[in-house]
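Please keep the sequence and the structure in view while reading.

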Amino acid sequence: MKTQAAIYFGGDPKVTIADIELEDPRSNEVLVRVKAVGICHTDIGMMSPDPFIPVPIVLGHEGVGIIEKKGKNVKGLELGDAVILSIDHCEACHSCKSGNPSYCENMMKLHFSGRRADGSSPISFDKKPVNAVFFAQSSFSSYAIAPSRAVIKIANDLPFELMAPLGCGIQTGAGTVLNIMEPQAGQGIAVFGVGTVGLSAIMAAKISGCHPIIAIDTNAERLSLAAELGAHKTINPENEDPIAVILTKTNGRGIEYSFDTTGQAFVIRQAVDSLFKNGLCVMAAGHGDVTLDGFSIVLGKTIRGTLEGGGDPQIFIPHLIELFKAGKLPIDKIVTCFPFSKINDGLSALAQGRVIKPVLIMP
Ligand SMILES: [Zn+2]
Ligand SMILES: [Zn+2]
């Protein structure tokens, strides 16, 4: 079929909306008419002069839409079903077989190679295949092809623009707290960086009854939103030393849990140094070397990473939707909508920190 997608050709973080040709879904795939798609920092992170992914490519990995076609082996999904597109897994590796699909050993290939496992792409532009299957969806497009195991059926009457970020950003932030940290009521958490992932962690920390919940960011507007969403204390590191404040807030003991969403080495160091003796620091981003005080780790601290918050999307996303319906996950507070035609405005608004979670509304 002919449709339109936003293609990234390389260079500056800008895309071009172009006419493309999309294959029919294969036996295990569905064709989804995309209704809304979030823009995530990972999309922008892919757009650089020396890209980590093959270009040209169709990005986008927080899609929501309606199934319009399905392959003959697709079970449990029907035409007309509303679905969230989420991360894929291979079902065959050790992690997948042991019930940890979010740590699939084929994760990188499935999400970042630009191709299906057999080397094909469902999208062509100018009569040539263009890279796609980004996070198994490439949903900066009016239609997307996705493997059926990576889509989660949802009720058709949910607000699609608020469901979109459940596929990545919200799942990562809330999942880190609810699936990895599993704090008890009364335990403390410090969240470094309060964009979509950090604010979702704060919402989840409030649900868990954490105390204190501490938000650290240099953006005053985001800090006040963090306070509105449940943070008991906010810290702007340009004005206060986060470690000193956290130690004061915890009677010198340090905090049970810290969460770094920035990926910056000096912030990760602060997140670890803020911890209680056997506290847990989770990193949702990071690149390059990080320097830590080795002896403080020996005394019992744990540092670990997460991709997408560590849950099984088929179980965890429906759980998040229940929390949303109960009013405990106020996603509307973080979403700003843009028409698909203004995708480059959405990309720059996110890159410059002017919005928290841009969501594109498809025509
Ligand atoms: Zn993402
Ligand atoms: Zn696997």
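Two strands are said to pair if DSSP finds at least two bridges between them. Strands (E, at least two residues) and helices (H or I, at least four) are DSSP runs, numbered from the N terminus. The model is predicted: local features need pLDDT of at least 70, side-chain atom pairs count only at pLDDT 80 or more, and totals for chains, interfaces and linings use all residues. Residues are numbered from 1 along each chain as its sequence is written, while chains are lettered from A and ligands numbered from 1 in the order in which they are written.

Strand 3 (residues 29–38) pairs with strand 9 in the antiparallel sense, over 5 bridges. In this pairing, arginine 33 stands opposite tyrosine 143 of strand 9.

The protein chain is divided into domain 1 (2–157 + 330–361) and domain 2 (171–307), with bounds from an automatic or database domain assignment. Their C-alpha centres lie 30 Å apart. To the contact, domain 1 gives 7 residues and domain 2 gives 8 residues; two residues are in contact if their C-beta atoms, placed from the backbone, lie within 7 Å. On the side of domain 1 that touches domain 2, the residues divide into 3 nonpolar, 2 polar and 2 charged. Here Ala, Val, Leu, Ile, Met, Phe, Trp, Tyr, Cys and Pro count as nonpolar, Asp, Glu, Lys and Arg as charged, and the others, Gly among them, as polar.

An open sheet of 6 strands has the order 13-12-11-14-15-16, with parallel pairing. Strand 13 (233–235) and strand 16 (302–305) are its edge strands, each pairing on one side only. Strand 12 (residues 213–216) runs parallel to strand 13 and is joined to it by 3 bridges. Isoleucine 216 stands opposite isoleucine 235 in strand 13.

From valine 83, alanine 244 is 161 residues away in sequence and 45 Å away in space, C-alpha to C-alpha.
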